[in-house]
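Dear colleague,

I am passing on the structure below, together with some notes on what came out of going through it. Please read the notes with the coordinates open beside them.

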Amino acid sequence: MTIKKMSKRAALMASAGFWVAFSGIAWAQDASPTEADDEVIVTAQKREQSLIEVPLSVTVLDGGNLELQQADTFLDYIGQVPGLSIEQATPGASRLILRGVNTGSIGSTLGIYVDETPFGSSTSLGNAAILAGDFDTFDLERVEVLRGPQGTLYGANSLGGVLKFVTQAPKLGVYEARAQIGAESVKGGDDFGYNANAVVNLPLGDTIAVRASGFYRENDGFIDATGRPAEDINGSESYGGRASALFEPTEALSVRLTGIYQKIAANTGTLFDADPLTLEPLANDPFTMAPLNGQLTFAQFFPDSSDVEYKLYNGTGDWDLGFASLTSATSYGVLQQDIVADASSILTGLVTFLYQTFGDPLTPPLGIFADQSIRQKKFTQELRLASPTSDTFEWLIGGYFTRETVALAQDALPFNLATLALTNPALLGFDDFQTAALDSKYKEYAGFANATWHILPRLDLSAGGRYSHNDQSSAQFLNGAIFLLSGVPAPIAITGESSENVFTWSVSPRFELSDNASIYARVAKGYRPGGPNVVPPGAAPDFPFEFDADTLISYEAGVKAQTADGVFAIDAAGYYLDWKDILVFAQFPSAVGPIGGNDNGPGAKSIGAEVTVSLRPVEGLSVVANGAYNDAELTADTSALVGGLDGDQLPFAPKWSGNISADYEWTLSGDATVFVGGNLRLVGDQSADFDRLTAPFAGLRLGLPSYEVVDLRTGVTFGNLSVTGYVRNLTDSGGLTSVGGFGGRPGTAVVASPIRPRTYGVTIGASF
């Protein structure tokens, strides 16, 4: 966030992690209520603008405030963004949902950007929906969340909106360094978690500066295993860093090079086996029937693991030509995910039977796990030409190209339950038990334009359009004993391809009621590409070998206002979303059992409203409250292979949610200051994914009950030193972020993902 008039004292507090920010307004820490005239500058429309001038609903989270709250991941700060929800079962595997735009498909409905770099796959063959980039927030300038379709400027997969990480740029002529270390303890865990981070900014002469940061975080687990003797199996660690160089030879020209690396390594995901009716932890071990006494447990015979790795490289140049500014952004990114997932608890009987029947009758009991990986490589190039700021007419035109490849691979590996040693498929007469691969390629060309006409001193009209063309191809390969023993000729090789032309647009009138208040309306269209489908063995004649793009039109109106002294501010919006040809994830019949694939459903809609209210009645005290109502539902039945019915609530989209945050800071003496603060987050009932299996068993869809979370924090700063203490989930709420998996767990159990239990922590920081 660009903050004007930032004092030395405010800068020191920001280095200690304390900064008050919220949707709509931000104040410097030393500003009195009558001096709070600082602007929040954002790049939501790909040019720097005051937030109050942007004719769409935007939330800005300041990086310093996120550090204060120890909010390092999506789960930590999701409640600060009205209308944003999350489904997560494993660190690094997150589905973000804005305004309820979600049907459980594997294509993303939310665009993720890091500065000028689009992150994640553009296709529905790359698992982008559940691999949102959960970038660490240390040394982050801000997070911008743009609600509603952003197809005009941000292209595909921004049906619900865009989440944009804005990193700290190197600072010319300034030496800066700071570091933090910390530890925390979670209820149910036997060890401590640790974290450390540091950043340095180095000027290299008058025109060059470099900035580098790094971090390491280790989280203790709190879930035990059944089926094997192991405790705290859901521990994880995350580490990485950013490096950036800025070259500004003249005021008219700047070039910035940035590299980002991050790895999120988890053991078993944050999962426990639950009763499908109550969602409470299983009362007894499903294998020994021993009482579990309320302990969260997860059945597995082979240790699970999940590693997600991000590598992003970007070069951005800005050249002020006088009549316009030329921006070139070149990016290359790699996403790698490797997973080991044990399936022995439900398949051990089948695998053992196959080996004893078709191989050696003396084969001991066997288990099986999946070893799977996904690798995305993405190159993008964008050129933009933007007019200077004007009181009459502003314009922006640009072109965009992306090329990406995605490689998915999976091997099913039988193993000896007693020794965990792999069992050779040669006993069955084959090289592999089951192997599958899906390679895909995607290319897109796009041209876009956006303009704002200042019709009157207080009346603006913004409009834009984007024309996109994409080509896709896929190659699918299946082989192994499981197919031939099921009577399916193997190997199986299938190719597919598709091509699309799409036009998206937006229109936004805006009227200033005064210097501190404005109203706006916005109508916009977004889309998500279709493409070739995954084809199951023995596919039926009516199988959809290709699925269509889905489109969404949003109708939104809002108000942004603050008092002249900055004591009170409000940001509110209401909307209606009309979603056509929705992409859904269906379980298609095949010769080897149900196999998931993409399909189109008739439609869905979302009606809702969001509001953020901010108050700073006295110096040092700030209170921010937000709330959202979102009624997102299907408008017609889906295929029976999906299980959705007309009127069903869209998955993981609570109707009600809210958050209130309060922070108070005061001076002890000299340069010593103290702060206290807290958050209360409320999340309403949610429905899980559409599921044709659980409805007949439980009589209804699985759902997540409402929950509340209380977080507290306090700290003291002595000059350049700071100490912060915090408690997350003070009341030890048992809220859930995901539930599902009926039929894939022992007996009738389902799998649920809890929020982190009560956690205590302390962080010590220093700046130099």
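The chain carries 47 positive and 86 negative side chains, and the centres of these two sets lie 4 Å apart. Please bear in mind throughout that this is a predicted model.

As to the overall fold, the secondary structure comes to seven helices and 42 strands. The radius of gyration is 26 Å, close to the 27 Å that the globule rule gives for 768 residues, so the chain is as compact as a globular protein of that length. Along its principal axes the C-alpha trace spans about 80 × 55 × 50 Å, and buried residues make up 58% of the 768 residues.

The largest nonpolar core has 34 residues, of which Phe-74, Leu-96, Ile-112, Phe-135, Val-143, Leu-163 and Phe-165 touch the most other members. Once its neighbours within four places in sequence are left aside, Phe-165 is in contact with several residues, including Tyr-77, Tyr-113, Asp-115, Gly-133 and Arg-142. Another core, of 23 residues, lies apart from the largest one, and Ile-233, Ala-274, Phe-298 and Leu-704 are among its members.

Several loop residues also deserve a mention. Leu-428, in the loop between strand 21 (393-416) and strand 22 (434-456), counts as buried because its relative accessibility is 10%, where the cut-off for buried is under 20%. Not counting residues up to four places away in sequence, Leu-428 touches Leu-354, Tyr-355, Phe-358, Gly-359, Phe-433, Ala-481 and Leu-485. The C-alpha atoms of Leu-428 and Thr-357 are separated by 9.1 Å, although these residues are 71 apart along the chain.

The remaining points concern backbone geometry, and the background is that most residues other than glycine have a negative phi, and most peptide bonds are trans. Leu-420, in the loop between strand 21 and strand 22, has a positive phi of about 70 degrees, and with 34% relative accessibility Leu-420 counts as partly exposed. Leu-279 likewise has a positive phi, of about 60 degrees; Leu-279 is found in the loop between strand 16 (272-274) and strand 17 (297-299), and is buried, with a relative accessible area of 11%. Finally, the peptide bond from Ala-490 to Pro-491 is cis, with omega near 5 degrees, and Pro-491 lies in the loop between helix 6 (481-485) and strand 24 (492-514).

With best regards

Terms used:
Residues are numbered from 1 along each chain as its sequence is written. Side-chain values use heavy atoms; hydrogens and water are left out. A nonpolar core is a set of buried Ala, Val, Leu, Ile, Met, Phe, Trp, Tyr and Cys residues joined through side-chain atoms within 4.5 Å. Buried means under 20% relative accessible area, exposed over 50%, partly exposed in between (1.4 Å probe, protein chains only). Contact means heavy atoms within 4.5 Å. Helices (H or I, at least four residues) and strands (E, at least two) are DSSP runs, numbered from the N terminus. The radius of gyration is taken over C-alpha atoms; the globule rule is 2.2 Å times the number of residues to the power 0.38. Lys and Arg count as positive and Asp and Glu as negative; His and the chain ends are not counted. The place of a charge is taken as NZ of Lys, CZ of Arg, CG of Asp or CD of Glu.
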